[in-house]
Amino acid sequence: MKGIRLSQLGLALGIGLAASAQGADLMTRAQQTFDPVPQYPASLDGNELTEAKVALGKMLFFEPRLSASHLISCNTCHNVGMGGHDYLPTSIGHGWQKGPRNSPTVFNAVFNAAQFWDGRAADLAEQAKGPVQAGVEMSSTPERVVATLNSMPEYQQRFEDAFPGDQAPVTFDNMATAIEAFEATLTTPNARFDQYLRGDQSALNEQEQEGLALFMDRGCAACHDGVNLGGQSYFPFGLVTKPGGDILPQGDKGRFAVTETASDEYVFRAAPLRNIALTAPYFHSGAVWDLEEAVSVMGTAQLGTKLEPNEVEAIVAFLGTLTGDVPKIEYPVLPVSTGTTPKPDPMVP
């Protein structure tokens, strides 16, 4: 009996050592493919994150008077209280118009190689200028924005503090630069996956580690890697099998509108997956509300494989570990309009 017990103990120890080695190998592979979200805001080329600039950018991010209607701010579509987006399939803009694409989260957007689903903006500053001027979004102009900001003495002073070397600091470009500085602080560190990448194997349970292994082995990580698990490269949506028109609308040809290159038809930026559990609905069309369904669609469309229900469940469990510490943002008190502040345009003619 004693010999049997010793044999059983040896077998258990052997299995435990094998599992430990397998777990260590999985962690090493993950560390070679992904990076944790930094604990502190990322640095920006040519845009120093000063306290004055970030504070101004925060006010401008919440400033609805940047829109023609005085109703729509950056936070309207990138709500920092709701995962950094608006929980709509596609956003609603000026005149209650429906936008063409799902609003991406602003959280961790600083880690993306480019902004928008088609990558038409090189950085967050360039991105900030687009919605302000788009007729379907905020429907304003650079001239109107500058007039609005110049009409309020507090904004004049804050621009002077944020851009001390400029003779005329209240400019459309400086508005975008300040917003970029604030958005660079909207990162979500300390996800359980970050803890895992830093060496804590217990941060992920058995099912979540199984999902991580599937995520890498099945090929998901070929597009969704790096800090943001995506946001770096462009791929055809429907690489193997094109989804139906409800998920992949025929009228939206993606990056083709930017490059006018035939091979870029229906090509989109690989979606960043950080905090994905908070950002339904999914895809550029916002057509899928269920994360399990989204994973299944990606398996068929991009990998050419039908994932088994238990595989989908494990991958979704892993994706749940990507939710980090959401920044706590106090809503700013904005300056009062003056007699020279441009009056709002009606949302409805």
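# A tour of selected residues

Select Cys77 first: at a relative accessible area of 12% it is buried (under 20%; exposed is over 50%, partly exposed in between, with a 1.4 Å probe and protein chains only). The model is predicted: local features need pLDDT of at least 70 and side-chain atom pairs pLDDT 80 or more, while totals for chains, interfaces and linings use all residues. Residues are numbered from 1 along each chain as its sequence is written, and side-chain values use heavy atoms, with hydrogens and water left out.

**Cysteines**

The count of disulfides (pairs of cysteine sulfur atoms within 2.5 Å) is 0. Cys77 is in none, and its nearest cysteine sulfur, in Cys74, is 8.9 Å away.

**Helix α5**

Now select residues 142–150, helix α5, and find Thr148 within it. Helices are DSSP runs of H or I with at least four residues, and strands are runs of E with at least two, numbered from the N terminus. Which residues of α5 are buried? They are Arg144, Val145, Thr148 and Leu149. Seen down the helix axis, these buried residues fall within an arc of 130 degrees, so they line one face of α5; the arc is that of the directions from the axis to the C-beta atoms. The cover over them includes α2 (51–61), α4 (124–133), α6 (153–162) and α7 (172–183).

Stay on Thr148, which is buried at 1% relative accessibility. Leaving out residues up to four places away in sequence, Thr148 is in contact (heavy atoms within 4.5 Å) with Arg65, Thr341 and Pro342.

**Aromatic rings**

Aromatic pairs are rings of Phe, Tyr and Trp (its six-membered ring) with centres within 6.5 Å; planes under 30 degrees apart are stacked, over 60 edge-to-face and the rest tilted. There are 10 such pairs. Select Phe62 and Tyr331: this pair is tilted, with 4.7 Å between the centres and 55 degrees between the planes. The two lie 269 residues apart, Phe62 in the loop between α2 and α3 (74–77) and Tyr331 in the segment after α12 (309–319), and the pair links distant parts of the chain. Phe62 is buried at 3%, whereas Tyr331 is exposed at 51%.

Move to Phe193 and Tyr196. Their ring centres are 6.2 Å apart and their planes are at 15 degrees, so this pair is stacked. The two residues are 3 apart in helix α8 (residues 192–197), which means a separation of about one helical turn. Phe193 and Tyr196 are both buried.

Next, look at charges over rings (NZ of Lys or CZ of Arg within 6 Å of the ring centre and within 35 degrees of the ring normal). The charged end of Arg120 sits over Phe116, 3.7 Å from the ring centre. Arg255 lies over the face of Tyr234, 4.1 Å from the ring centre.

**Backbone stops**

Most residues other than glycine have a negative phi, and most peptide bonds are trans. Select His70, in the loop between α2 and α3: its phi is positive, near 65 degrees. His70 is buried at 17%. Trp96, in the loop between α3 and α4, also has a positive phi, near 60 degrees, but Trp96 is exposed at 53%.

End at Ala280 and Pro281, joined by a cis peptide bond with omega about 0 degrees. Pro281 is in the loop between β2 (267–269) and α11 (291–303).
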